Amino acid sequence: MPALKAPLTVEFPFTRSLGPVQSAFLTGLRHRTLLGVRTTSGEVLVPPTEYDPVTAEELRDLVEVAPTGTVTTWAWNPSPRPFQPLATPFAWVLVKLDGADTALLHVLDAPGPDHLRTGMRVRVRWAEERTGAITDIACFEPHESTNKHEVSVHRGEFEDMTTLLTAPARLDYTYTPGRAPTDYLTALADHRIVGERCPSCQKVYVPPRGACPTCGIATAEQVEVGPSGTVTTFCIVNIKAKNLDIDVPYVYAHIALDGADLALHGRIAGIPYDEVRMGLRVEPVWTDGARYPDHYRPTGEPDADYDAYKELI
Amino acid sequence: MPPTPARPVRDVAVVAFAQTDHRRRTDELSEVEMLMPVLHQVLDETGLRTSDIGFTCSGSSDYLAGRAFSFTMALDGVGAWPPISESHVEMDGAWALYEAWVKILTGEADTALVYAYGKSSPGSVRDVLTRQLDPYYLAPLWPDSVSLAALQAQALIDAGDTDERALASVASRSRADARANAHAQVKGEVPSGDYLVHPLRTTDCPPVSDGAAAVILAAGDRARELCSRPAWIRGIDHRIEAHSLGVRDLTDSPSTRLAAERAGAYEVRLDTAELHAPFTSQEVVLRKALGLGDDITVNPSGGALAANPIMAAGLLRIGEAAARIHRGESDAALAHATSGPCLQQNLVAVLEGDPR
Ligand SMILES: [Zn+2]
């Protein structure tokens, strides 16, 4: 059976507080001002950190450095990846800005690797729209200039300080569930529910994951379970989840399908939410063309005896 | 004065090691399905059952497969009933082994099962690894792992520590040695590829791998019962450097050197080193930092250039070094694991076999 696959996208925006030093640096970028921080030994760190990377001392003495600098190492990237600063081939560079003692990582817009060398002179190309982020530096560009620059003390105060940073990220995956879940999902699309029996403890797991979590050994023997089952426990959901097309309140339950030794999760419908109870007998309902049950509804049978399902709660 | 390594309070050894065949993709297997065979193999080798194991520790990362709490699913392959003592690190399994070693040193366990796995095929590893970077100054630029390694390689070339030909020879030696490793993914003659990110060619970079590894640790006499030639852990230490690449000297690895000193690497006559150097240029840095001479066999397994299941590749180095001691091919071996961009974090373990 060919492995199932589906696209899976993970997206997250992290909002972070910047703190005094990073706030000053990133706000400075918005104002086309480059700030560093001076350590107690007199070194100027750009980009600045709140604590000395060697001594861990708190650092607050901001200074302004130049928008020109020297490349300390480089790497030519012929095929830019999604989200990287330039869409055309570019160089990654570490740049020691004039006045700084440490290097900043960014990208350099150059025609090709033959135009690059360690020690070359560059300057900042500012982004048209600046938001208080490292990407306010659009890139560096080659620029002949001397590296004479006196750093000047800077208060790090601007009119409208950027104090938060939102870092959106998106990662694209191809999800493959593995052998046992593939078998389960394939059967499910066929309106059959299959579990797997552990060869050691004989328990039937549904949905199967290919291993008995108790014995730690592989399971392979398929067992058809259900379709009817018993509600072992449940809860009433009163808050509507985003993008969920189900009216609240609704009931979410653990359902022990007949023949299974583990309860699975499902929504109960076809009965008022406040009449759902432990022991209620239910069966899956597939909507047209669905690969999985939409919900479970009462079968109309008498309730199961507590003793019949108490081990599965 | 160099720091004096502290002698461990108990003798602890790697007594069993197993690994999967590492492959570019394993679509037909879930993480637990990929992992379970190696768990069974180390248990079978020692005759232990899960219930005999004092402590279990694993290393993996949710970001590889894009699944939350994936390590809890992997635990299904261990068998956690009756209840076991278990822990997980969102790091390479070498750090899980460190935690297990400490647990045994405290006397709270006499045996430990350590495993690690990485299923990289679902995502794009180069992009995924950007998410471990500083979120303020680095991550918004999406500098991928190959690009960062290439910056380090260029710094080494500028410093005169290596050149592209020397890097190519590291690649070809590693993949030639991998011929003898049934589990390796890339082996034999590999044509020198195009620049992936200059100055690194595809051959200078590790393959993207799915794979898993497991080891069993045991203390004292228990180790002797379980293994005819235990690989005694003389010391382990791990150190980290500043996160910002621009404040580091990328041509050196002081954290590796310090970890090696503290682990006692300079107190023994090493014959083997398994270095976790996913990029050819990183082997140059590590050899220099550790002062390894030509008399030491480096990465006879082929190393991470032959198979690089992220989160397991460091544990594999310890396992490979231990297995050479088990087989009598080594008497004293150094195993190294790294994490983070451009060798930011480094772990060194020193393993020794009983005198023959
Ligand atoms: Zn079982």
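**Figure 1. Strand E20 of chain A and its pairing partners in the predicted model.** Strand E17 (residues 229–237) of chain A is joined to E20(A) by 2 bridges, and the two run antiparallel. Strands here are DSSP runs (E, at least two residues), helices are DSSP runs of H or I with at least four residues, and both are numbered from the N terminus. Two strands count as paired if DSSP finds at least two bridges between them. Opposite Arg281(A) in E20(A) stands Thr230(A). E20(A) also pairs with strand E21 (residues 295–298) of chain A, in the antiparallel sense and over 4 bridges. In E21(A), Pro298(A) is the residue opposite Val282(A). Strand E20 (residues 281–285) of chain A has 4 of its 5 residues buried, so it is largely enclosed by the rest of the structure. Buried means under 20% relative accessible area, exposed over 50%, and partly exposed in between (1.4 Å probe, protein chains only). This is a predicted model, in which local features need pLDDT of at least 70 and side-chain atom pairs count only at pLDDT 80 or more, while totals for chains, interfaces and linings use all residues. Residues are numbered from 1 along each chain as its sequence is written, chains are lettered from A and ligands numbered from 1 in the order in which they are written, and side-chain values use heavy atoms, with hydrogens and water left out.

**Figure 2. Strand E4 of chain A with strands E2 and E10.** Strand E2 (residues 34–38) of chain A and strand E4 (residues 61–65) of chain A run antiparallel and are joined by 5 bridges. Asp61(A) in E4(A) is the bridge partner of Arg38(A). E4(A) also pairs in the antiparallel sense with strand E10 (residues 152–153) of chain A, over 2 bridges. Ser152(A) in E10(A) stands opposite Glu64(A). Strands of a sheet pair through backbone hydrogen bonds, either parallel or antiparallel.

Figure 3. The ideal angle at a metal is 109.5 degrees for four tetrahedral donors. Cys198(A) is buried at a relative accessible area of 1%, whereas Cys201(A) is partly exposed at 31%.

**Figure 4. Two cis peptide bonds in chain A.** The bond from Val46(A) to Pro47(A) is cis, with omega near 5°. Pro47(A) lies in the loop between strand E3 (44–45) and E4 of chain A. The bond from Val206(A) to Pro207(A) is also cis, with omega near -5°. Pro207(A) lies in the loop between strand E13 (204–205) and strand E14 (211–212) of chain A.

**Figure 5. Positive phi at His191(A) and Gln202(A).** His191(A), a residue other than glycine, has phi near 60°. The loop that holds His191(A) runs between helix H2 (179–189) and strand E12 (193–197) of chain A. His191(A) is partly exposed, with a relative accessible area of 42%. Gln202(A) is not a glycine either, and its phi is about 70°. Gln202(A) is placed in the loop between E12 and E13 of chain A. The relative accessible area of Gln202(A) is 43%, so Gln202(A) is partly exposed.

**Figure 6. The ten-stranded open sheet of chain B.** The 10 strands have the order E3-E2-E4-E7-E1-E8-E12-E11-E9-E10, with mixed pairing. Strand E3 (86–89) and strand E10 (297–298) of chain B are the edge strands, each pairing on one side only. Strand E11 (residues 332–339) of chain B pairs with strand E12 (residues 345–352) of chain B in the antiparallel sense, over 8 bridges. Asn346(B) in E12(B) is the bridge partner of Thr338(B).
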